[in-house]
Amino acid sequence: RAAYNEFNQGLCRGEDGDVTYRLIGADGITRWVQDRAACRRRPDGAFEVSGIVSDVTERRRLEDELKRSMDEMQRAHRELERSREAAELRASTDELTATFNRRRFVEIATESLASADGGCALLLLDADHFKQINDAYGHAAGDAVLVGLAQRLNRGLERGDCLARWGGEEFAVLLPDVRSEAALAERAERLRQA
């Protein structure tokens, strides 16, 4: 109704226009119509309006159907993208510790070595006597220890570092910004303390 009123007010100001709106016919059927009008000023200063009214119900139905289909496709695309991202995350993440897995770590390390100007450092960490935890307290306790260890190591990382579960109770850490033996020893000791 507001669009229709604005269309008519524009005509009164001598402005060409078009509007699409719904109306209910005398037969009770709702239809979509489009009014298009052009204004010409007469010599006496008044406006003369000529126009056409078209029934666009079928076009509107098709447009609405197309919009619904596009919305459904966009929803499906977003869901597919979320599923792809989740699958990619599962494929590159250790399920227990939520760190990178060995395969993804090798990819990251290879990329890092290829682009590193002055090289980078690699640490391999192993939880000493871990088998004794599993033997004494069971695998659930051992899993909890590995999760806790991964969390502590993660907190000790700096920006750009990469942590992965290498296997069993072994972890690998890529340190792209470490370029000296002294810096490597300092970072390794910090992680060992953690």
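## How much is buried

Of the 194 residues in this protein, 25% are buried, with buried meaning under 20% relative accessible area, exposed over 50%, and partly exposed in between (1.4 Å probe, protein chains only). Keep in mind that this is a predicted model: local features need pLDDT of at least 70, side-chain atom pairs count only at pLDDT 80 or more, and totals for chains, interfaces and linings use all residues. Residues are numbered from 1 along each chain as its sequence is written, and side-chain values use heavy atoms, with hydrogens and water left out.

The protein exposes about 13500 Å², and carbon and sulfur atoms supply 53% of that area. Accessible areas come from the Shrake-Rupley method with a 1.4 Å probe; for residues, only the protein chains shown count as cover.

## Overall layout

There are 6 helices and 6 strands, and from the N terminus they run α-β-β-β-α-α-β-α-α-β-β-α. The radius of gyration is 35 Å, well over the 16 Å that the globule rule gives for 194 residues, so the protein is more spread out than a compact globule. That radius is taken over C-alpha atoms, and the globule rule is 2.2 Å times the number of residues to the power 0.38. Helices (H or I, at least four residues) and strands (E, at least two) are DSSP runs, numbered from the N terminus.

Along the principal axes, the C-alpha atoms fill a box of roughly 100 × 40 × 25 Å. Looking at contacts (heavy atoms within 4.5 Å) between residues at least 6 apart in sequence, 44% join residues at least 24 apart.

## The nonpolar core

Here a nonpolar core is a set of buried Ala, Val, Leu, Ile, Met, Phe, Trp, Tyr and Cys residues joined through side-chain atoms within 4.5 Å. The largest one has 16 residues, and Phe171, Val173 and Leu175 touch the most other members. Strand E4 (121–126), helix H5 (139–155), strand E6 (170–175) and helix H6 (181–193) each bring at least two residues to this core.

As background, nonpolar side chains tend to be buried together in soluble globular proteins.

## A buried arginine

Arg165 sits in strand E5 (residues 162–167). It counts as buried because its relative accessibility is 17%. Skipping residues up to four places away in sequence, Arg165 touches Asp94, Leu96, Thr97, Thr99, Phe100, Asn101, Arg102, Leu146, Glu170 and Phe171.

Most residues other than glycine have a negative phi.

## The N-terminal end

Ala3 belongs to helix H1 (residues 2–12) and is partly exposed, at 46% relative accessible area. Ala3 and Val19 are 16 residues apart in sequence, with their C-alpha atoms 6.8 Å apart in space.

Leu23 is in strand E1 (residues 17–24) and is partly exposed too, at 33%. Its C-alpha is 9.7 Å from that of Arg1, 22 residues away along the chain. Beyond its neighbours within four places in sequence, Leu23 is in contact with Ile29, Thr30, Arg31 and Val33.
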